[in-house]
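Have the structure open as you read.

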Amino acid sequence: AHIYYKKAQIIRGKINEIFNKIFSQYDFIIGPVSRHSAYKLTKYSQKLENHYMDDILTIPANLAGDLTV
């Protein structure tokens, strides 16, 4: 199991390097954090896959240790 952890840490390090390279030229990155606008309270999906996909655009920045708003 620790083999996968080590590989994941290497990939995370590479993602961090990419973000550091970008931030050496720019102060911030603007991009979407969701695939769509907010749900209506009566239409919120109960499927877990939809909840995961709603957050997928924030994952690269979180892996790099950066904040997303």
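## The largest pocket

Keep in mind that this is a predicted model. Its largest pocket comes out at a volume of about 320 Å³.

So who lines that space? There are 17 lining residues in the largest pocket, and Phe-19, Ile-29, Ala-61, Leu-67 and Thr-68 are the ones nearest its centre. Helix α1 and helix α3 (59-63) each put at least two residues into the lining. Sorted by class, the lining of the largest pocket holds 12 nonpolar, 3 polar and 2 charged residues.

## A nonpolar patch on the surface

Over on the surface, Ile-18, Ile-22, Tyr-26 and Ile-29 make up a nonpolar patch. Together these four have about 380 Å² of accessible area. Ile-29 turns up here and also among the residues nearest the centre of the largest pocket.

## Ile-59 in helix α3

Now for Ile-59, which belongs to helix α3. Ile-59 counts as partly exposed because its relative accessibility is 30%.

How far apart are Ile-59 and Val-33 in space, C-alpha to C-alpha? The distance is 9.4 Å, with the two residues 26 apart in sequence.

Notes. Residues are numbered from 1 along each chain as its sequence is written. This is a predicted model: local features need pLDDT of at least 70, side-chain atom pairs count only at pLDDT 80 or more; totals for chains, interfaces and linings use all residues. Side-chain values use heavy atoms; hydrogens and water are left out. Patches are made of residues with over 30% relative accessible area and no salt bridge: like charges are joined within 9 Å, nonpolar side chains (Val, Leu, Ile, Met, Phe, Trp, Tyr) within 5 Å. Accessible areas come from the Shrake-Rupley method with a 1.4 Å probe; for residues, only the protein chains shown count as cover. A salt bridge is a side-chain nitrogen of Lys or Arg within 4 Å of a carboxyl oxygen of Asp or Glu. On a 1 Å grid over the protein atoms alone, a cavity is a set of points where a 1.4 Å probe fits but cannot get out, and a pocket is an open set with protein on both sides within 12 Å along at least five of seven lines; lining residues have an atom within 4 Å of a point. Grid points are joined across faces, edges and corners, and a volume is the space filled by probe spheres set on the points. Helices (H or I, at least four residues) and strands (E, at least two) are DSSP runs, numbered from the N terminus. Ala, Val, Leu, Ile, Met, Phe, Trp, Tyr, Cys and Pro count as nonpolar, Asp, Glu, Lys and Arg as charged, and the others, Gly among them, as polar. Buried means under 20% relative accessible area, exposed over 50%, partly exposed in between (1.4 Å probe, protein chains only).
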